[in-house]
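User: I would like to learn how to read pockets, cavities, helices and strands in a protein model. Please take me through them step by step.

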Amino acid sequence: MNKMTAILNGILSGDTFIKKEKWNGISRTFNSFVEKLNPILTKTCIIIAFLALADLAIRAAIRLDTRWDALLYHLPFSSLRGGLNLPYSMSDTMQNYYLGFPPLPHIVQGIFWRLTGSVNATGIVNYLAFLTFLLYCHFVLQARLWLVSLIALTAPLVIIHAASSYVDLFGNSLLAIGLSSCLYIYLFPEKSSQKILLCGLLGLIGAAWSKYQLTPIVAIAVFFFTLLSLCSSYRLRDISSKRSLILVFGATLLAAAPYIKNLAFYGNPFWPVRMPVLTELFPYTVIADNNLEQRPPPLKHSGQFKLFIHSLFEIGHPIRYNHRPRWIIDQGNAWIAYRSGGFWCVGVIFYLFTTIGMLFAYDRKSGLIASLSILAVLCFLAFLPQSHELRYYLFIPLCWAAAIGMLFPAFKNKLPKVAPFFLITVIALYGYMFSENRMHYRLEKIDYRTTARAWGASQWWPNFERGKIYCVVHMSPIGILLTGPTLSEFNIVDRSSAYLCPIGSTVVTKNGSQQVLNARLLLNESFALYRAGKFLESLEASKKVLEIQPDSAEAYNNICSVNNGLKRWNDAIAACMKAIELKADFQLAKNNLKWAKKMISSR
């Protein structure tokens, strides 16, 4: 019996040995496959990233942005900031924006325009800022450029804005440099240096000088830098805590400079936009785009947090439209997606959870704190007035791209068998987004003349004469294009109403009419404004009539009518009496005078 048991045990042990050897062989084959697959996937990612970045660089350089916003104020602002002295006076509706908006992106656009002599140069600024972010991640934060590129370019709005004259990606790239630097110092204090702190702070300053919408996030980042400077565990190896705090404080003052200027000159740090808090304490001329008309119609009355979540994860958004691409630069006027969505919900879910997972895999304690901080920033952002308009917050996909890029080497060392499957997923996600957004990689030359023809501006050039001043009324956004084939032939003044035109200029309207600004034209304009209920504008138009024709009884009578409408009875009486003095039988003026006197006596 014992002999039989021994034989059976021998057979079983041999069988176990065979199974174990077979499993070890499979394991060795799999490990060998993974070792060979990793460099292949890495090279594939490098090639794809290089081709994508090269394509976007060419596209940005050869395409002039033809969208409304670019023509209405981005190009005019850039020309002024760059000192180009074009014969163009910007629209009166944009003057307050120009005076108040953070100037940095338009300064850079203007400099490149001036250096190259081509207006197309305004389109490469976003791309260069994005490339600066990628190179910073690669050379300073040790996050591979190819990986950060593919992850960032999986977000549709990043692709679209990389070759646009809009300046959203410019400021967000700088903000992402600041936030990713802060995360790097927290995760790798032993590797961090003064250089990373300085670059991070410079990124935050640049972001604050680029977009109003980014200032709350800049403030959060400054707070994080301050905490790291105060904590001895995260002291940089080549700088003291005291010096770090001084640098953070100095950066805060520099970042706040445009807002301090606005407060000093206009009484509102966010001039001309309405302050999101304590609204009535600060003057403004523009209500920010957070009103009901700027929200997706089905979510018009939803809370801001719900609106942000629906936008970030594209909840309820269609995946196809019949007459437009799935994503455009500002999500246009699609029913559910009006000014909302744009990071692709699958990419958002995968990369957000991947970032958190890699943080935990790197270090459970610091990963937990970093993950909670990321979620806290997103929750804070969710309550900001325009948080659902994701084009203003492109730093979100840039930051998780940077975080994953920084953590990937440690993740690869800890889980070498999982890393290649992660890279395969990255390639697959990017490939799908490439196919969905291939029109935004299309290389097509769009120069200034092409843009002018598309907007119908070139048809006006044969009708203009050199030396004259033309005041174009209600012709936005093409005013700057009317300056001629080289943006220098014709003097154009862009105004929203004829009464704002310079005296002696030739008024041009959409219907093709051209007439020299004279008293009769201004008087008709003042009447039209009065009938439209625009009393103050009508008053200004009538006053301008008197600059040309001081003895115009009709102008004085209209001033009387306007003041009656404004219940300024004494001013109305004075104007009516002047009108009757100039024209004794002016019955309408007598009627207006009688009404004003009646209203005074009835008080």
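User: How much space lies in the second largest pocket?

Analyst: Rolling a probe the size of a water molecule over the atoms shows where empty space is left. In this predicted model, the second largest pocket holds about 500 Å³ of space. The elements that give two or more residues to its lining are H8, helix H10 (215-230), helix H13 (345-362), helix H14 (364-382) and helix H15 (395-414).

User: Which residues lie nearest the centre of the second largest pocket, and which element gives the most to its lining?

Analyst: Of the 23 lining residues, Leu183, Phe224, Ala370, Ser373 and Ile374 lie nearest the centre of the second largest pocket. H15 gives the most to this lining, with seven residues.

User: Next, the cavities. How many of 30 Å³ or more are found in the whole structure?

Analyst: The search finds three cavities of 30 Å³ or more. The largest cavity has a volume of about 70 Å³. The elements that give two or more residues to the lining of the largest cavity are H10 and helix H11 (241-266), and the largest share, three residues, comes from H10. Among the residues that line the largest cavity are Ile185, Phe225, Leu228, Arg235 and Ser244. The lining of the largest cavity divides into six nonpolar residues, four polar and one charged.

User: Let us turn to the helices. How is the span of H8 to be read?

Analyst: One compares the distance between the end C-alpha atoms with the expected span. H8 has 20 residues and reaches 28 Å from its first C-alpha to its last, close to the 28 Å expected at 1.5 Å a residue. H8 is also mostly covered, as 20 of its 20 residues are buried.

User: Why does Ser181 count as buried, and what does Ser181 touch?

Analyst: Ser181 lies in helix H8 (residues 168-187). Ser181 counts as buried because its relative accessibility is 0%, and the cut-off for buried is under 20%. Leaving aside residues up to four places away in sequence, Ser181 touches Tyr136, Leu141, Ile196, Gly200 and Phe225.

User: Which residues of H13 are buried, and what covers them?

Analyst: An α-helix has 3.6 residues a turn, so residues three or four places apart point the same way. In H13, the buried residues include Val348, Tyr351, Leu352, Thr355 and Leu359. The cover over the buried residues of H13 includes helix H6 (145-152), H8, helix H12 (304-312), H14, H15 and helix H16 (419-436). The 18 residues of H13 should span 26 Å at 1.5 Å a residue, which agrees with the 26 Å between its end C-alpha atoms.

User: Finally, what is the order of the strands in the open sheet?

Analyst: The open sheet of five strands has the order E1-E3-E2-E4-E5, with mixed pairing. Strand E1 (88-89) and strand E5 (514-516) are the edge strands, each pairing on one side only. Strand E4 (residues 506-508) pairs with E5 in the antiparallel sense over three bridges. Val507 stands opposite Gln515 in E5.

How values were computed
Residues are numbered from 1 along each chain as its sequence is written. This is a predicted model: local features need pLDDT of at least 70, side-chain atom pairs count only at pLDDT 80 or more; totals for chains, interfaces and linings use all residues. Side-chain values use heavy atoms; hydrogens and water are left out. Helices (H or I, at least four residues) and strands (E, at least two) are DSSP runs, numbered from the N terminus. Buried means under 20% relative accessible area, exposed over 50%, partly exposed in between (1.4 Å probe, protein chains only). Contact means heavy atoms within 4.5 Å. On a 1 Å grid over the protein atoms alone, a cavity is a set of points where a 1.4 Å probe fits but cannot get out, and a pocket is an open set with protein on both sides within 12 Å along at least five of seven lines; lining residues have an atom within 4 Å of a point. Grid points are joined across faces, edges and corners, and a volume is the space filled by probe spheres set on the points. The expected span of a helix is 1.5 Å times one less than its number of residues. Two strands pair if DSSP finds at least two bridges between them. Ala, Val, Leu, Ile, Met, Phe, Trp, Tyr, Cys and Pro count as nonpolar, Asp, Glu, Lys and Arg as charged, and the others, Gly among them, as polar.
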